[in-house]
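The structure comes first, then the contacts.

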Amino acid sequence: MNHKSFVFFDCECANTFEGVGKICSLGYVICDDELNVIESEDVVMNPECEFDWYLFSGKGDCQLAYSKDYFRIKPNWEAYHKDIKKLLTTGNRFIAGFAVGNDVGFVNSACERYQKDYIQFRAFDVEKLLNKAYGQKKKLKEWAEFMGVNLVKFQSHKSVDDAMMTMLCLKSYCMKTGKSAEQVLTENKDMYVSNEQILQQAEERAYRKEMTEKIKRLYNKKSPKPSFKTVVGEYFEIDGKILKDVDFAFELVKQIYDNGGIVCERINGKGSVIFEELPNKEVVSKIQKRNLKIITLDELQEKLK
């Protein structure tokens, strides 16, 4: 029989400012195909950045396992890159984590920060499995308790402990269902996350942010020389559903601007709120209480022609 090994991993970050996680520890647990532990380690590293004040504030449940000084004396990501790549890409091995899309994204960000090639791998999300199986959402420690894991010796947000709790949650699930870990991971292929997917999502977020900023730059602006004058001096607010399509929303705002209209994030005074279609009575009532009118996209397009 072709036995496979399993790697459970978790990352902690010094901060995630500007949407970029700076890894300060990567913990992993390597198991055999029956989820017996072969090796485990907490790879602690210098994030070479400031730490989010919250992580050492004593507030909340997100506290790092080591002191700032301990992180500072360790090598940075670059020193560990080769070994971490080997850990995550060795053949005949399953990779898994809890809410693992975040961790995959952190690994991608570390590679970018230190100008290293992306590590091509995919990982199974144990959180998605448990959420779906039991129809509820919980934090890792809560799931571990729910699945009967003895939590006495584990510390939340210590990477290797979080990786171990993730493994024990899956092991408990396998025991409850009578399935092997390989069977569970093979039957739930939609619960994998690849580094390519995370990169694409990051690109999409960056694009949405860029387009949203372009839209906001036109807020409260009136064209000094409008190409047309079909809505000159009229004020408009755009419903959130329309703003979700940033490309369409930008073209709409630009068209209103070019026709002499003024788009605001929120109107204070007279004006119209743009909806895809006529909203329900409750929404209509709220708009009317603000002394605003409702205009649908079709009605607006007629005015803009």
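Glu237 is buried, because its relative accessibility of 10% falls under the 20% cut-off. The model is a predicted one. Glu237 forms a salt bridge with Arg290, and the closest N and O atoms are 2.7 Å apart. Glu237 sits in strand E7 (residues 235-238), and Arg290 in the loop between H11 and strand E10 (293-296), so the pair ties together parts 53 residues apart in sequence. Arg290 is partly exposed, at a relative accessible area of 23%.

**Salt bridges**

The whole structure holds six salt bridges.

| Pair | Closest N and O atoms |
|---|---|
| Glu237 and Arg290 | 2.7 Å |
| Lys179 and Glu187 | 2.9 Å |
| Lys286 and Glu282 | 3.9 Å |

Take the pair of Lys179 and Glu187, with its closest N and O atoms 2.9 Å apart. Lys179 is partly exposed, with 31% relative accessibility. Glu187 is partly exposed too, with a relative accessible area of 44%.

Now take Lys286 and Glu282. Their closest N and O atoms are 3.9 Å apart. The salt-bridge cut-off is 4 Å, so this pair counts. Both residues belong to helix H11. They are four residues apart there, which means a separation of about one helical turn. Lys286 is exposed, and Glu282 is exposed as well.

**A negative patch**

Which residues form the negative surface patch? They are Asp245, Asp247, Glu251, Glu276 and Glu277.

**Helix H6**

Helix H6 spans residues 159-177, 19 residues in total. From its first C-alpha to its last, H6 reaches 27 Å. That is close to the 27 Å expected at 1.5 Å a residue. Is H6 mostly covered or mostly open? Mostly covered: 14 of its 19 residues are buried. Just after H6 comes Gly178, with a positive phi of about 75°. Next in the numbering is Lys179, the salt-bridge partner of Glu187.

How values were computed
Residues are numbered from 1 along each chain as its sequence is written. This is a predicted model: local features need pLDDT of at least 70, side-chain atom pairs count only at pLDDT 80 or more; totals for chains, interfaces and linings use all residues. Side-chain values use heavy atoms; hydrogens and water are left out. Patches are made of residues with over 30% relative accessible area and no salt bridge: like charges are joined within 9 Å, nonpolar side chains (Val, Leu, Ile, Met, Phe, Trp, Tyr) within 5 Å. Accessible areas come from the Shrake-Rupley method with a 1.4 Å probe; for residues, only the protein chains shown count as cover. A salt bridge is a side-chain nitrogen of Lys or Arg within 4 Å of a carboxyl oxygen of Asp or Glu. Lys and Arg count as positive and Asp and Glu as negative; His and the chain ends are not counted. The place of a charge is taken as NZ of Lys, CZ of Arg, CG of Asp or CD of Glu. Helices (H or I, at least four residues) and strands (E, at least two) are DSSP runs, numbered from the N terminus. The expected span of a helix is 1.5 Å times one less than its number of residues. Buried means under 20% relative accessible area, exposed over 50%, partly exposed in between (1.4 Å probe, protein chains only).
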